[in-house]
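Visitor: I would like to go through this structure with you and ask what stands behind each term. Could you show it to me?

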Amino acid sequence: MQIIRHIVQTDRLLLETTSGRIMLVPYSNKIIRIRYTLDAEFSTQESLMITGLPDPKIAFTVEDRDSHLLVSTADLTIRILKKTGAFTYLDASGAVLTKEPDRRGKTLVPMDVTKSVFDESANFEAGQGADGLRVRADNVTKVRDRKAFHTKLEFEWMEDEALYGLGSHEEGVMNLRGTHQYLYQQNMKAVVPVLVSTRGYGIVVDSYSMMTFRDDAFGSYLWTEVDDEMDYYFIHGPEMDSIVYGIRQLTGKAPMLPKWSFGYVQSKERYTSQEELIAVVREYRERGLPLDCIVLDWKSWTGELWGQKTLDPERFPDPKAMVEELHGMNTRLMVSIWPIMNPQSDNNKEMNENGCLLGNQATYDAFQEKGRQLYWKQANEGLFAHGIDAWWCDCTEPFEADWHGSIKPEPEQRMQINTEEAKLYLDPEFINAYSLLHSKGIYEGQRRTTESKRVVNLTRSAYAGQHRYGTVTWSGDIAANWETLRKQIPAGLNFCATGSPYWTVDIGAFFVQNKPDLWFWNGDYDAGAQDMGYRELYARWFQYGSFLPMFRSHGTDTPREVWRFGEPGEPVYDAIVKFLRLRYELMPYIYSLSAHVHQHDYTLMRALSFDFRHDPNTYNIGDQFMFGPAFLVNPVTEPMYYNSNSEVLEGVKKTRDVYLPTGTAWYDFWTSRIFEGGRMIEAEAPLDRIPLYVKAGSIVPMGGSIQFAEERTDDNRHIRVYTGQHVSFDYYEDEGDNYNYEKGVYALIPMVWDEENRTFIIKEREGTYPGMSTNQSFNITFFGVNDGDGSLKEAEKKTQIHYTGNYIEITLKDL
């Protein structure tokens, strides 16, 4: 590919080459969009993921050198070899961020796109497996629809860089270097086509087809199966938070979730009646155990009318009264809904009459605006109108085809089986986008209906941009064993690295037992919660889950309520309750950070390289993470007390190794002991705690003992100040569950720890909201003392203040 000529326009650079045309459009000083086509014109297809527009004020320059062109903004330069068209990306100082091979980096291969024709010869077969109803079409005719391209974007990644992203995948790889990944939507596989690098850049690929990432013996590249053209965005950070900011500039802001959604969510497969739901919540309240939401899983409909969005009147005789009673106990209700509908159901018939079904005549067409609106109408009339609070959009990758048999297919087989099934009913260019459009319909429908409830949509699939629709993605139907727990941690960290902030798991895993005839039903605990080995695993999973964006237990085979794991005074029960209460004590910290996610494009669950990019020892750590700016979370992922079948383990240390990143000191949350960073330590990890450290230079607002997230504790608020570095924190409050925050209806209390002057400052409150408490009591604890030699010593000082919204300054030497 040789550059023949270049054309500089006001807002873009066009390159004419011997093999097609390339367009570069600066969106900001840190973001450049690159498009490549073999056609005479660039595609006019509207993006489904990108909502941001180029800033017309951005200036860029083009320098024509002998061997190359230099395209530069204030922060980013792309050097383009004239001989081959290969790109090298540089920062403002001229340091290389990454580059394509000098021989050439971009390849388009023409291909024919086919579509399915469902005529009278097509046959339809319905069946139900472990993952619900499936309706499959057979004898489908395929015809040529249009021409498109396979695209291939190659890189020469640096030896010292780590790559993260691509979504949540069951393999649990942390650093993607030296690996490969197939990107298609599937149970336990939530795709987001975004890469971020510790070298300080990110790549967003605007494609919706099956994709491949490789960094192995076959090459280092991103490949897409079907696209009108190559289309991607290069983002310079250099810090991870700046890269995520750029991603959300392109794909949209994450709206605020309601405060209750950060509390505990109790689910199982499944609660079967109105009576059972109410009884479970009542027991939580009687036991004094915090709870914010209970979940109604599948089969809430009548009989076999799978996917019908109405409740069975025999088991749920008065939905409105049921929801009111739950709300009276300060608990919300989440209900499972599906994109597939039994052909005998009223919902399916209405979809069919309006031409809103896909080719299997059972799954609605989320790519049609008319289909999305009708789906919302059904969900609203059948469920939302009764007062339900949240959606569980299950099976949003609706055409899986390999969840059967005793042997798990090979990765390449799985890719082939599942993508070919999806391409029977969806355009091959868009098979990864179903969940994105489905989520859009739910969000826009609810926003049209009311502004009083924030959208919460728990969904099994994801895509770039889906976060702007109030979604939380969970990792799918995983199995209960220690290996799976270990793999979930890096899966979630890679997901959140893509700019999608909200992710969760089934605490305790979905499948607990082992069924040899089904490859995916491979838990280690046939006795479920009666097995002490499972109880230990569950407690460790619960501890990990208490530091996830959504804190939620769910699964089949065994009950999941807290009291199923013992009674007060028993070790497992007490360990679970300890972390349940800790989650609620941290609610002011968590909810303030959720505002930071919305307002400043923050990431709550953070791979260590977000905060310690300059410490390469963090790059491959997949079992530790930061929860906000303060907490270093270190889940326990090995059994210490029991194997399965309640077999007692002997001689196992109750510790785990923890790496403390360099550049800061660390406080042990449990003991307040101080450790210097940049070293590995052996940390105590008995059943009732995991190693938990707080970064020196942290402000952590906490609450008292509450039973639900919105419970007021105006006279029992705590501020923990971990000294050692200068730090600020914005304490955020609002009404908790409406969209008034979009109009500025909220309050911020800026807090600052001035390390140099050993002074804590609470600034004047900014803003107000209905119901705000104007007189608050803060119990403040200061940890650590600097004795003048620059080192931090263990110490603790306490004071109490009454805050009325005015500036307050507290100097430690005066205490």
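Guide: V191 belongs to strand β16 (residues 189-197). Helices (H or I, at least four residues) and strands (E, at least two) are DSSP runs, numbered from the N terminus. This is a predicted model, in which local features need pLDDT of at least 70 and side-chain atom pairs count only at pLDDT 80 or more, while totals for chains, interfaces and linings use all residues. Residues are numbered from 1 along each chain as its sequence is written, and side-chain values use heavy atoms, with hydrogens and water left out.

Visitor: Why does V191 count as buried?

Guide: Buried means under 20% relative accessible area, exposed over 50%, and partly exposed in between (1.4 Å probe, protein chains only). V191 has 0% relative accessibility, so it counts as buried.

Visitor: Which residues does V191 touch?

Guide: Leaving out residues up to four places away in sequence, V191 touches L166, H169, L183, Y184, Q185, N432, A462 and Y463. Contact means heavy atoms within 4.5 Å. As for Y364, it is 173 residues from V191 in sequence and 21 Å away in space, C-alpha to C-alpha.

Visitor: What is the order of the strands in the open sheet?

Guide: The eight strands run in the order β1-β2-β3-β4-β20-β17-β16-β14, with antiparallel pairing. Two strands pair if DSSP finds at least two bridges between them. Strands β1 (3-8) and β14 (163-169) are the edge strands, as each pairs on one side only. From one strand to the next, the twist averages 20°.

Visitor: How many bridges join β2 and β3?

Guide: Strand β2 (residues 13-17) and strand β3 (residues 20-26) pair in the antiparallel sense over five bridges, and the cut-off for pairing is at least two. L13 stands opposite L24 in β3.

Visitor: Which strands does helix α1 lie across?

Guide: Helix α1 (residues 240-251) lies across β4 (31-37), β14, β16, β17 (201-205) and β20 (230-236), and runs at about 125° to β16. Helix α8 packs on the sheet too, touching β14 and β16, and its direction makes about 110° with that of β14.

Visitor: What makes α8 roughly parallel to α9?

Guide: Two packed helices are described by the angle between their axes and the distance between the axes. Axes are lines fitted to C-alpha atoms, for helices over the stretch in contact, and angles run from 0 to 180 degrees between N-to-C directions. Helix α8 (residues 482-497) and helix α9 (residues 532-545) pack at about 5°, with their axes 11 Å apart. That angle makes α8 roughly parallel to α9. Angles under 35 degrees count as roughly parallel, over 145 as roughly antiparallel, 65 to 115 as roughly perpendicular and the rest as oblique.

Visitor: Which residues of α8 and α9 meet?

Guide: W482, T484, L485, Q488 and I489 in α8 meet E536, L537, R540, W541 and Y544 in α9. By class, this contact of α8 with α9 has six nonpolar, two polar and two charged residues. Ala, Val, Leu, Ile, Met, Phe, Trp, Tyr, Cys and Pro count as nonpolar, Asp, Glu, Lys and Arg as charged, and the others, Gly among them, as polar.

Visitor: And why is α10 called oblique to α11?

Guide: Helix α10 (residues 571-585) and helix α11 (residues 587-600) pack at about 55°, with their axes 5 Å apart. That makes α10 oblique to α11. R583, Y584 and E585 in α10 meet M587, P588 and I590 in α11.

Visitor: Why is α7 described as largely enclosed by the rest of the structure?

Guide: Twelve of the 16 residues of α7 are buried, so the helix is largely enclosed. Y434, L437, I442 and R447 are among them. The buried residues pack against β23 (332-337), α5 (369-382), β24 (390-393), β25 (457-459) and β26 (471-474).

Visitor: How do you know that both faces of β40 are covered?

Guide: In a regular strand the side chains alternate between the two faces of the sheet. A747, I749, M751 and W753 on one side of β40 and L748, P750, V752 and D754 on the other are all buried. Eight of the eight residues of strand β40 (residues 747-754) are buried, so this strand is largely enclosed by the rest of the structure.

Visitor: Which residue stands opposite V752 in β41?

Guide: V752 stands opposite I761, and β40 and strand β41 (residues 759-762) pair in the antiparallel sense over four bridges.
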